[in-house]
Amino acid sequence: MHTPSSPVQEAFKDVMAHVATPVAVVTSMDGGLPFGTTVSAFTSLSMTPPMVLVSLDRGSETLELITASKKFGLNVLGRDQQGTALKFAKKGGIGKFHGVRWDLDHELPRIAGAAGWIACHVEQFVEGGDHVIVLGNVVAAENNYSDPLTYHRRVFGTHSALESA
């Protein structure tokens, strides 16, 4: 059943569409099979200890697996991985990994060519409206030093530095 949006929800959605966000695929394993979903709501939380937070829809199959395993991977996508972002944004379990190169890293699916990789153990789950915020302790991280994939004004792009004045 679809609930109509309020004027505040529509205005909020419009404001948030104008905020540039990084794009990542959160991954987990189930019985040797990889699962994942695209997210744009993630950020660093703490440096001491190193922590991240990621927001997942309550109905997410990946969230269900993370809740059971208490660990997740965060594949920060690079500018050339728009197709990967779209593939993992759809519903569909393990089928999302069809045609995607990946390896196990810290017993988690790591997508080849991602701009960054972070493996986490869950510290806490926090209720947040129609989403659950997962706080993760970072157990491994690697930067591939490539331009990030971003989402802004409902399209994919990347970051460009401003020229010096």
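Predicted model: local features only at pLDDT ≥ 70, side-chain atom pairs only at ≥ 80, totals over all residues.

Trainee: Okay, what about secondary structure: how many helices and strands does the protein have?

Mentor: There are three helices and twelve strands.

Trainee: And the radius of gyration, what does the protein have against a compact globule?

Mentor: The protein has 16 Å, which agrees with the value near 15 Å that a compact globule of 165 residues would have. The C-alpha trace spans about 50 × 45 × 35 Å along the principal axes.

Trainee: What share of the residues is buried?

Mentor: Buried residues are 38% of the 165. The protein exposes about 9800 Å², with carbon and sulfur atoms supplying 56% of that area.

Trainee: Switching to contacts: what part comes from residues 24 or more positions apart?

Mentor: Such pairs make up 63% of the contacts with a separation of 6 or more.

Trainee: Now helix H2. Which of its residues are buried?

Mentor: H2 covers residues 61–69, and its buried residues are Thr-62, Leu-63, Leu-65 and Ile-66. They lie on the same side of H2, because the arc they cover around the axis is only 160°.

Trainee: Which residues are exposed on the other side of H2?

Mentor: Glu-64 and Ala-68 are exposed there.

Trainee: And what covers the buried residues of H2?

Mentor: The cover includes strands S2 (24–30), S3 (33–39), S5 (50–57) and S6 (71–76). It also includes S9 (116–128) and S10 (131–143).

Key:
Residues numbered from 1 in each chain as written. Heavy atoms only, no water. Helix = DSSP H or I, 4+ residues; strand = E, 2+ residues; numbered from the N terminus. Rg over C-alpha atoms; globule rule 2.2 N^0.38 Å. Buried < 20%, exposed > 50% of the residue type's maximum accessible area, 1.4 Å probe, protein only. Contact = heavy atoms within 4.5 Å. Areas by Shrake-Rupley, 256 points an atom, 1.4 Å probe, with all protein chains shown as cover. Arc of directions from axis to C-beta.
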